[in-house]
Amino acid sequence: MPEPLSRRTFLGRTGAGAAVVAGGVIAGAPALGGPAAARTAVDPAALDPLALLRRMLAFDTQNFGEGGVTRPHAEMLKAVWDSAGVPAEIIPTPKADNVHLVARVRGTTAGPPLLLLGHSDVVPVERAQWSVDPFAGVVRDGQVHGRGALDMKGANAAFIAALLRHLREGARFERDVIVLTDCDEEAGPYGSRWLAANHWAKVDAGMVLTEGGWFLAQRDRTTPMLITVTRQDKVYFNLDLVSEGTATHSSKPMPDSAVVRLSRAVAELGGWLAPAVLTPVTREYFTALAEATEDVAFRRAIELLLAARSQRARDRAAAVVVARSSYPWLHRALLRTTHAFVIEDAGYKENVIPSTATVRVNCRGVPGGQRPRDFLAQVRTLLKDRDVTVKLVGAAGETEEDALRRLDETFVRPPSSIDSPLFEAIRSAAGVTYPGAEFVPALFEAGTSLYPWTSRGVPGYGVYPYVIDNDQLIGMHGNDERIGVEALKQGTEFMYRLFDRFRVR
């Protein structure tokens with residue numbers, strides 16, 4: 001097994017005669033944009049996306065809910081931009097060492113900028129469940145492991161490496177290219193909305209690309225099958241299930257235990273699925289998936305789903321699609337409102353039976369499908385005999401109806417237009433880089449930081465620009481998160497071709 005890179009390897013001295021890595025690029029060549037004597041000599045053309053990703057993974061940017069420590073990571077990336085002659089600015093937030101980084105490559109016109117949006121924070125790790133150090137960038141069996149390898153430092157590495165390659169070639173772009181590495185995407189008050197509210201001029205753009213669309217493989221796990229670009233996120237909301245019982249000494253348990261009541265409700269809701277829905281966006285996706293797959297039985301199941309005319313037929317066909325899919329949990333999520341049990345709270349002392357128990361249920365609705373208010377009504381009907389209260393979690397000071405009206409507005413927000421230079425660049429790059437695969441716009445089963453732009457009518461899209469298999473997909477926010485090394489390199493080539501559409505000839 002290859003040895004993981006240590007922080008000394010990343011940041012310290014190399015052996016005699018070795019090339020010095022500065023900011024993920026090989027040192028020793030004249031700097032772009034000025035004489036070699038005036039700045040650190042680096043060669044962005046030699047930047048290796050794997051080396052850059054391993055540098056990124058070495059920084060512990062875990063976000064436990066109130067933002068992470070992102071300044072050291074941002075300072076490393078700022079050095080990358082400085083070495084390439086690209087102005088970059090660290091923007092502090094009110095939380096210490098929790099910062100945004102904005103780099104801007106100046107274009108030749110005043111056209112609306114292209115903005116690349118990548119977050120630097122990552123979700124926490126359960127270290128005992130990892131087979132490798134989650135912050136060492138271990139390469140094993142052709143895959144690079146680490147928290148953020150997939151979501152989304154891998155995508156950031158591909159974005160940056162591809163852009164630096166163009167700059168080393170002396171490229172000029174027809175418009176400004178802004179690269180925003182933001183914080184608080186995974187949680188916290190100082191994410192992209194705070195940045196837009198306080199520094200909009202620095203991130204004002206005409207098109208935005210961030211995380212999202214999956215590049216899926218055939219059943220062999222390697223052959224590109226379906227290249228997607230997401231143009232819409234699912235609708236995010238939370239429910240709390242709350243049960244009550246008699247608080248008493250634990251030596252004398254009673255039948256109205258709050259914990260037992262809650263557990264029964266969780267079991268009931270855990271075995272239930274919301275109705276399957278198809279919207280214009282998801283119908284187009286599954287139509288392309290049917291064309292892309294080499295699995296005849298899977299194709300037939302999708303065709304039955306697309307042809308279904310009743311809810312019963314649609315639900316039955318959806319179950320077959322999920323059962324035959326190589327990405328079952330992704331495809332189940334794209335077909336309905338999902339609900340996941342994420343946080344449970346009950347009790348405070350081992351000799352006291354608590355009077356209340358609560359579980360947080362994170363829900364993701366399909367825009368244009370089942371309205372959140374209708375999903376809430378279904379859950380309440382399902383659990384009406386389970387002695388629990390189902391509460392919609394709103395913002396501070398919101399009534400339930402206020403929260404439902406807000407969700408109604410999100411529910412009807414249209415997907416980003418596909419009539420934009422960025423979408424065409426993504427389509428073109430996909431056709432050249434993955435010529436045997438189908439290409440289709442899609443729904444993202446999760447959420448992104450795109451709201452400050454899409455709420456202003458700016459088109460925003462998402463890609464994770466590397467082919468993944470289902471095991472890698474499950475590793476997102478899970479244990480042993482990883483992506484393929486060759487897939488990362490091919491994804492960087494995809495990004496290089498995307499940027500090529502904006503070069504001045």
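Author: Helix 6 (residues 258-270) lies across strand 12, strand 14, strand 16 and strand 17, where contact means heavy atoms within 4.5 Å. Helix 6 runs at about 145° to strand 12; axes are lines fitted to C-alpha atoms, for helices over the stretch in contact, and angles run from 0 to 180 degrees between N-to-C directions. Helices (H or I, at least four residues) and strands (E, at least two) are DSSP runs, numbered from the N terminus.

Reader: Before we go on, what kind of model is this?

Author: This is a predicted model, in which local features need pLDDT of at least 70 and side-chain atom pairs count only at pLDDT 80 or more, while totals for chains, interfaces and linings use all residues. Residues are numbered from 1 along each chain as its sequence is written, and side-chain values use heavy atoms, with hydrogens and water left out.

Reader: In what order do the four strands of that open sheet come?

Author: The order is 14-16-12-17, with antiparallel pairing; two strands pair if DSSP finds at least two bridges between them. Strand 14 (338-346) and strand 17 (388-393) are the edge strands, each pairing on one side only. From one strand to the next, the twist averages 25°.

Reader: And how many bridges link strand 12 and strand 16?

Author: Strand 12 (residues 235-244) and strand 16 (residues 356-365) pair over 10 bridges in the antiparallel sense. Within that pairing, L239 stands opposite V361 in strand 16.

Reader: Turning to helix packing, at what angle do helix 8 and helix 9 pack?

Author: Helix 8 (residues 296-307) and helix 9 (residues 311-324) pack at about 160°, and their axes are 8 Å apart. That angle makes helix 8 roughly antiparallel to helix 9; angles under 35 degrees count as roughly parallel, over 145 as roughly antiparallel, 65 to 115 as roughly perpendicular and the rest as oblique. Their crossing is left-handed, a term used if the near helix is turned anticlockwise from the far one by less than a right angle, with right-handed used if clockwise.

Reader: Which residues make that contact?

Author: Helix 8 contributes A297, F298, A301, I302, L304 and L305, and helix 9 contributes R314, A317, A318, V320, V321 and R324. These residues divide into 10 nonpolar, no polar and two charged. Here Ala, Val, Leu, Ile, Met, Phe, Trp, Tyr, Cys and Pro count as nonpolar, Asp, Glu, Lys and Arg as charged, and the others, Gly among them, as polar.

Reader: How does helix 7 cross helix 8?

Author: The axes of helix 7 (residues 280-292) and helix 8 come within 9 Å and cross at roughly 150°. The two helices are therefore roughly antiparallel to each other, and helix 7 passes helix 8 in a left-handed crossing. R283, F286, T287, L289 and A290 of helix 7 meet F298, R299, I302, L305 and L306 of helix 8. The contact has seven nonpolar residues, one polar and two charged.

Reader: Is the crossing of helix 4 and helix 16 left-handed or right-handed?

Author: The crossing of helix 4 and helix 16 is right-handed. The axes of helix 4 and helix 16 (residues 485-500) come within 8 Å and cross at roughly 50°, which makes helix 4 oblique to helix 16. Residues that meet there include A158, F159 and A162 in helix 4 and L488, Y496 and F499 in helix 16.

Reader: What about the open sheet of three strands?

Author: The order is 7-8-20, and the pairing is antiparallel. Strand 7 (139-140) and strand 20 (482-484) are at the edges with a single partner strand each, so one side of each has no neighbour in the sheet. Strand 8 (residues 143-145) and strand 20 pair over three bridges, and Q143 stands opposite G484 in strand 20. Helix 2 (residues 49-57) lies across these strands at about 20° to strand 8.
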